[in-house]
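Work through the exercises below with the sequence and the model side by side. Each task is followed by a solution in steps.

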Amino acid sequence: MNRTFKVYALFACILLVLSGCASSDNALVHWFSTPEPPVEAPVVQVEKGPNPETGLGYRADSRAKMLNADSSNKQQSIAIYRAPNSLYQPAFTHKSLSDYAEQLTMSLVKNGRQLNTQSKVGVASFVNFDKTLKQTSVLGNQLAEMLIVEVQGFGVQVVDFKTTDYIGVGGNGDLVFSRDARKLSNKLNLDYILSGTLIRNEKGVRVNARVVSMDSKIVVSSASILIPNFVVKSLQPEYVIVGE
């Protein structure tokens, strides 16, 4: 009887072990099977692209690089502005003296409320602003000639007092203009005279123009404009004379 009891007890123990192994994660079959090597998940390299919500991606620009460089360096260099030694001199420009004469005339006509189509205006050469007020230049003479065209274009009557009472026919051509006071008329039928002064500076020539009444000497209109140096120099080009 004791032997039979031992057999039943051994059989009960075996059943208990088998039932415990079946209920756990490690089944009995795993004891006798060869373990498989673990499978490693593939590594996927994801590039930093644009945000799917906005479609925009971040990329460091030059300003961010400069900020990072400045933050790493404790001693920062300070840039000091220095004015150029010479003024601007373009190699080629479309600006001419006629453009500034047009602007000057527009200001004179706008400010001269007393000027109308019945006004008679004479245009004289512009002079240097010095103690004599008698020195003119190529700029002063050419500016006066261009103002004749511009003022007349606004409907104001322009009297050319350099016109003689006759036409001089000669070998050089048919001449009607003169700067000889003896050949010109003594009576100037003028209401106003247009002229002004020239003031030179490092940037160019400041032109101060005015329209003055011949009777009362009252300034009925005035305007000012700056003509750059490169425009003034273009009136007198520098030529080199080469001998034959």
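The model is predicted, so local features need pLDDT of at least 70 and side-chain atom pairs count only at pLDDT 80 or more, while totals for chains, interfaces and linings use all residues. Residues are numbered from 1 along each chain as its sequence is written, and side-chain values use heavy atoms, with hydrogens and water left out.

**Exercise 1.** Find the strands that pair with strand E7.

Solution. 
- Strands (E, at least two residues) and helices (H or I, at least four) are DSSP runs numbered from the N terminus; two strands pair if DSSP finds at least two bridges between them.
- Strand E7 covers residues 204-213. Strand E6 (residues 192-200) is joined to E7 by 9 bridges, and the two run antiparallel.
- The hairpin from E6 to E7 passes through 3 residues.
- E7 also runs antiparallel to strand E8 (residues 219-228), again with 9 bridges. Here asparagine 208 has serine 224 of E8 as its bridge partner.
- The hairpin of E7 and E8 has 5 residues between the strands, and lysine 217 in this hairpin takes a positive phi near 60 degrees.

**Exercise 2.** How many residues of E7 are buried?

Solution. 
- Buried means under 20% relative accessible area, exposed over 50%, partly exposed in between (1.4 Å probe, protein chains only).
- In E7, 7 of 10 residues are buried, so by this definition the strand is mostly covered.

**Exercise 3.** Check the length of helix H5 (residues 138-153).

Solution. 
- The expected span is 1.5 Å times one less than the number of residues.
- Glycine 155 follows H5 and has a positive phi, near 90 degrees.
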